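Colleague: I am new to this structure and would like to learn how to read it. Could you take me through some of its features?

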Amino acid sequence: MEFIKDITVIIEEADYKDIGKLEKILQAYNPEKNGSCYKIRGTYKELENLSIRLSAVRHCSIPATHGPAYHQGEQASTDVKSVDVSRVVMAYIEKKCAKELSKILGNDFVIETLPVHNNPTSTVQVTIRQQHVSAYHIPTDCVRQRFITFYQRTASDLHVTSVPVSSHDLKELQRRFPHLLFKPSHEKYEATVTGPFMHVARLKEFLLQSTPSKSRMGPAATSMSSTSGPSPTHCIDPEDESCPICMEIIVTTEKEILQCKHSFCRNCLKTAFDYKPVCPTCGELYGILRGTQPDGGRMNVTQSSSSLPGYERYGTIIVHYTIPSGIQKVEHPNPGQPYEGVSRTAYLPDSSEGRRILKLLRRAFDQRLTFTVGHSTTSGRNNVVTWNDIHHKTSTHGGPTHYGYPDPDYLKRVQNELKVKGIE
């Protein structure tokens, strides 16, 4: 599977009516000027944000097919590249993520799915094609990269399992668990379930606690009921509670109850807490959370008198993160192998609330929670430093879909994200 590593856009002065405003907009993107042209490199999101800002100063008479020329690396890519993906994951995306897929494709692109000849049962080939030419051209490779990013995020949390269920109850389960994809199995009283891990776990817990009759559920009900109580025809003992982690009945002597009132097998909970000291059911934190951010990083803060959209009364706090390259430790995906460092810049309003969030972000950085080592969905590379689930505004403009401002709910959202990690 190949990935776009960077995109270059070429902008000509002749296409814009106000050169002064053009240069002011481009200044934040470190352009390389050659004659009357500007060359700018960045990610798809950064350049899409730039496109929105440039539209205000662009000549209205520019032809629909004329505009900034995008390149993958230094040359334009005209080939439509396919990508091989899991048939199971793709089926889930098509059935349960149609709205998200539609946003990725927009009105100008379509997606084609074909079986892979050497592995047709488990792999499909996905191709994204442009069917309409919009007024502002978006390269097919950019849309393809957005699909790959969404696919990876979906696949990383997807779980496939089989559960005992009759055709009569299948419709009810589909209504009760809309995030799960149910497919009747070849076995008469069984279905294959695909969906996010937490939703699958909740389904299993629901089935374990239910007590349908054998006449309604068939032979599968006998085995399910026999694990849920002393007799297939008896109701479940209230004390026979299942562990949300292993899905087995919790032995009374091994039962561990947290302050949030959720119960687990003692060994299951210990294993979960070794990974992260939070309740696996509700996420309540127990203890101080320490992350896997590499050592040696720096977090520097500066101020600017310019304001952010939505915070015109205040200046701007600029947060500079630097994580140097190094060697992975046992807590990282590939111990002993080198990882590539990173430099990132984020923005906050220099208001009382923004300064309060800055203090919380400093604590998160000190607890090694801001970054981790893993797979970059932007570049497609492994063994690189990436963000770690604390959202930052890496652009000053463009709104929430472009990691920028205005976004009136951002400070509240990031405060809640930090609170989940015990930082408040």
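Colleague: Let me begin with Glu172: is Glu172 buried, partly exposed or exposed?

Modeller: Burial is read from relative accessible area: buried means under 20%, exposed over 50%, and partly exposed in between, with a 1.4 Å probe and protein chains only. Glu172 has a relative accessible area of 31%, so Glu172 is partly exposed. Before we go on, this is a predicted model, where local features need pLDDT of at least 70 and side-chain atom pairs count only at pLDDT 80 or more, while totals for chains, interfaces and linings use all residues. Residues are numbered from 1 along each chain as its sequence is written, and side-chain values use heavy atoms, leaving out hydrogens and water.

Colleague: Thanks! Which side chain does Glu172 meet in a salt bridge?

Modeller: The general idea is that side chains of opposite charge can pair when their charged atoms come close. Here a salt bridge is a side-chain nitrogen of Lys or Arg within 4 Å of a carboxyl oxygen of Asp or Glu. Glu172 meets Arg176 in this way, at 3.7 Å from N to O. Arg176 is also partly exposed, at 41% relative accessibility.

Colleague: Why are Arg176 and Glu172 separated by about one helical turn?

Modeller: Helices are DSSP runs of H or I with at least four residues, strands are runs of E with at least two, and both are numbered from the N terminus. Arg176 and Glu172 are four residues apart in helix H6 (residues 167-176), so about one helical turn separates them.

Colleague: How many salt bridges does a search of the whole structure find?

Modeller: The search finds 13. One of them joins Glu112 and Arg129, with the closest N and O atoms 2.8 Å apart. That pair links distant parts of the chain, with Glu112 in strand S6 (residues 109-115) and Arg129 in strand S7 (residues 123-130), 17 residues apart. Glu112 is partly exposed at 33%, and Arg129 is partly exposed at 36%.

Colleague: What about Glu256 and Arg266: how far apart are N and O in their salt bridge?

Modeller: The distance is 3.1 Å. This pair too links distant parts of the chain: Glu256 belongs to strand S11 (residues 255-257) and Arg266 to helix H10 (residues 266-275), 10 residues apart. There is also a network of salt bridges linking Asp295, Lys329, Glu331 and Arg368.

Colleague: Now for a residue in a strand. Is Cys265 buried or exposed?

Modeller: Cys265 lies in strand S12 (residues 263-265). Its relative accessibility is 14%, so Cys265 counts as buried.

Colleague: Which residues does Cys265 touch, not counting those up to four places away in sequence?

Modeller: A contact means heavy atoms within 4.5 Å. On that basis, and with those sequence neighbours left out, Cys265 touches Cys243, Cys246, Ile250 and Glu254.

Colleague: And how should I read a sheet? In what order do the three strands of the open sheet come?

Modeller: Two strands pair if DSSP finds at least two bridges between them. The order is S13-S14-S17, with antiparallel pairing. Strands S13 (298-304) and S17 (342-349) each have a single partner strand, so one side of each is left without a neighbour in the sheet. Seven bridges join S13 to strand S14 (residues 316-323), and Met299 stands opposite Tyr321 in S14.

Colleague: To finish, how many helices and strands does the protein have?

Modeller: It has 12 helices and 19 strands. Of its 424 residues, 40% count as buried.
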